[in-house]
Each structure stands twice: as structure tokens, then as C-alpha cells.
Amino acid sequence: MRGLALLLLVFAVPALADPMRSELRMTLYHEVGHAVFDQLELPVYGVEETAADAFALALALRLHSEAEMTQIVTDTTERYRAEAATELFDNWAQYMPSGQRLARAICLFYGGKPVQRGDLARALGMPPDEAERCRSDAADMDAAWAPVLDDLAPAPGVRADSLRLGRGSHRLGALSRDIKRVNRRIALPRPVPVEVEDCGEPNAFYYGEAERIVICTELLDVLGGDAH
Ligand SMILES: [Zn+2]
């Protein structure tokens with residue numbers, strides 16, 4: 001599906017299919033999480049990658065409508081399942097295995113609005129026995145992140161200069177609109193460029209010393225190749 005193709009052709013940038021945009025949105029918000037931990041010097045209890053995943057979801061829930069969130073969770077489920085099928089377990093990895101990261105996201109998404117999201121969560125594989133724990137964990141996540149996100153809110157009517165489109169960002173296509181959304185919602189102490197460059201792997205990074213986010217060209221290539 002290339003629903004944005006017409007619009008994007010006008011700007012001569014690659015078309016972004018929706019599943020690709022969903023993945024990139026959550027990737028961007030995860031990296032923003034690292035930037036927030038770094039710039040606010042927040043203590044991170046537990047593994048930072050897991051905390052960044054939780055931050056990404058908490059931010060997404062404040063940026064997107066219920067319909068958009070349904071799309072994002074559904075799209076990322078498909079992709080994470082595909083990744084999990086071929087993934088080798090690594091005891092030393094900083095990330096939870098893809099299948100577990102996905103389950104955690106579905107669990108926390110469900111737990112925030114159990115009545116509205118129950119059917120979708122069950123359709124995406126959440127076992128009924130997990131429902132109560134997910135509701136409790138979602139409340140804990142919100143209690144942890146709500147004060148941080150509230151403190152980061154820009155003054156009314158002000159769009160912050162938190163994320164800047166940097167080198168190669170013309171390749172991000174529609175994600176640039178999500179970057180503007182982030183700037184309306186959070187004001188980082190210092191601006192962070194979002195750049196696109198070769199990394200040698202399909203990934204994304206936040207570099208603390210330079211305070212910049214990099215989306216790897218290999219990730220765009222992989223997602224562009226997979227997204228239809
Ligand atoms: Zn990370």
C-alpha cells in the first residue's frame with residue numbers, strides 16, 4: 001500500500017508505506033527516549049533499552065489518536081513477529097527478544113484502556129491470564145512517565161526546537177511530520193538533529209556525546225523493501 005505516494009512524489013522523496021511509517025515512528029520515539037534520559041540525566045531503573053521502549057509507547061499514546069495507535073500496534077506486530085521467527089537468542093543482548101518486546105508493547109497498550117483495546121490485544125495474541133498484570137503494569141508505566149512528559153511540555157502554542165531535520169532527512173518522508181508533532185509535545189533542553197546515514201546494519205541510534213539521532217539507511221532500505 002502506497003497511500004502517501006502521490007503527496008510524496010510532489011516532494012520527490014521515496015514513498016513510505018504505512019507499515020514502514022509505523023515502525024519508523026516507534027523507532028524515532030525510542031531514540032527520543034534515550035535523548036530524554038541523557039539530557040534530563042534521568043536515573044534509569046533497569047535496562048535502558050527496555051525503558052526506552054516504554055517511553056516510546058508513553059510518548060506515542062500522547063501523540064496519536066486511538067485509530068493511529070491501533071494501526072501502529074497492528075503494523076509493528078506483523079513486523080516483530082517476522083523478525084522473531086528468525087532471531088537467535090543472545091543472553092548478552094541489551095534488547096529483549098523481538099517477540100518479548102512486542103508482547104510487552106501489546107500488554108502496556110492494552111492495559112491503558114482495557115475496555116477499548118481488549119479485542120485488539122486478544123486478537124494480537126495477549127493471553128487472558130495476562131490481562132490483570134498488564135493493567136497494573138500500564139498504570140505503573142503511566143505513573144513513571146506522565147510527570148516527565150508533563151514537565152517537558154512546551155509553553156502553550158509554542159512548537160519546541162527539540163528535533164531538527166538533519167543530514168539525509170529528506171529520506172524520512174512522512175516521518176518529518178511526526179518529528180513536528182514531537183516538537184509540539186516535548187521541549188528538550190537542547191535540540192537534537194535527526195540524521196540519516198549508513199551504519200552497516202538496519203538500526204537507529206542516539207549518540208549521547210554528539211546529541212544526535214541517526215536513522216540508518218539500511219533500516220530504511222529493509223523497511224522499504226518489506227513494506228507493501
Ligand atoms: Zn535504544
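Is T70 buried, exposed or partly exposed? This model is predicted. In it, T70 has 29% relative accessibility, so T70 counts as partly exposed. Buried would need under 20%, and exposed over 50%.

## T70 and its helix

T70 sits in helix α4. Leave aside the neighbours within four places in sequence, and T70 is in contact with F109 and L120. T70 and R117 are 47 residues apart in sequence. In space, their C-alpha atoms are 8.5 Å apart.

Helix α4 covers residues 66-86, and helix α5 covers residues 98-112. The crossing of α4 past α5 is left-handed.

Which residues of α4 and α5 meet? From α4 come E66, M69, T70, V73, T76, T77, Y80, R81, E83 and A84. From α5 come S98, G99, R101, L102, I106 and F109. By class, this contact of α4 with α5 has 7 nonpolar, 5 polar and 4 charged residues.

## Two contacts of α3

Helix α3 spans residues 48-63, and helix α2 spans residues 18-39. Their axes come within 7 Å and cross at roughly 115°. That makes α2 roughly perpendicular to α3. Here the crossing is right-handed.

On the α2 side, the contact residues are M26, Y29, H30, V32, G33, H34, V36 and F37. On the α3 side, they include E48, A52, F55, L59 and L63. The contact of α2 with α3 divides into 13 nonpolar, 3 polar and 3 charged residues.

Helix α3 also meets helix α8. The axes of α3 and α8 come within 10 Å and cross at roughly 90°. The two helices are therefore roughly perpendicular to each other. In this contact, L59, R62 and L63 of α3 meet R181, V182 and R185 of α8. Those residues divide into 3 nonpolar, no polar and 3 charged.

| Helix pair | Axis distance | Angle |
|---|---|---|
| α2 and α3 | within 7 Å | roughly 115° |
| α3 and α8 | within 10 Å | roughly 90° |

## The sheet

Next come the strands. What is the order of the strands in the sheet? The order is β1-β2-β4-β3, in an open sheet of 4 strands with mixed pairing. Strands β1 and β3 are the edges, and each pairs on one side only. On average, neighbouring strands are turned by 25° against each other, direction ignored.

Walk along that order, pair by pair. Strands β1 and β2 run parallel and are joined by 3 bridges. L165 has V194 in β2 as its bridge partner. Strand β2 (residues 192-197) and β4 also run parallel, joined by 4 bridges. There, E195 stands opposite V214 in β4.

Strand β3 (residues 204-207) and β4 run antiparallel, with 4 bridges between them. Y207 is paired with R212 in β4. Strands β3 and β4 form a hairpin, with 4 residues between them. In its turn, E211 has a positive phi of about 50°.

How many residues of strand β4 are buried? The count is 5 of its 5 residues, over the stretch 212-216. In a regular strand, side chains alternate between the two faces of the sheet. In β4, R212, V214 and C216 point one way. I213 and I215 point the other way, and all are buried.

## Helices on the sheet

Helix α2 lies across β1, β2, β3 and β4. The direction of α2 runs at about 15° to β3. Helix α8 (residues 175-185) packs on the sheet too, touching β1 and β2. The direction of α8 makes about 155° with that of β1.

## An exposed loop residue

Where does G157 lie? G157 is in the loop between α7 (131-151) and β1 (163-165). With a relative accessible area of 88%, G157 is exposed. G157 and L223 are 66 residues apart along the chain. Their C-alpha atoms are separated by 34 Å.

Technical notes: Residues numbered from 1 in each chain as written. Predicted model: local features only at pLDDT ≥ 70, side-chain atom pairs only at ≥ 80, totals over all residues. Heavy atoms only, no water. Axes fitted to C-alpha atoms, helices over the stretch in contact; angles between N-to-C directions. Left-handed = near helix turned anticlockwise from the far one by under 90°. Contact = heavy atoms within 4.5 Å. Nonpolar A, V, L, I, M, F, W, Y, C, P; charged D, E, K, R; others polar. Parallel < 35°, antiparallel > 145°, perpendicular 65-115°, else oblique. Buried < 20%, exposed > 50% of the residue type's maximum accessible area, 1.4 Å probe, protein only. Pairing = 2+ DSSP bridges.
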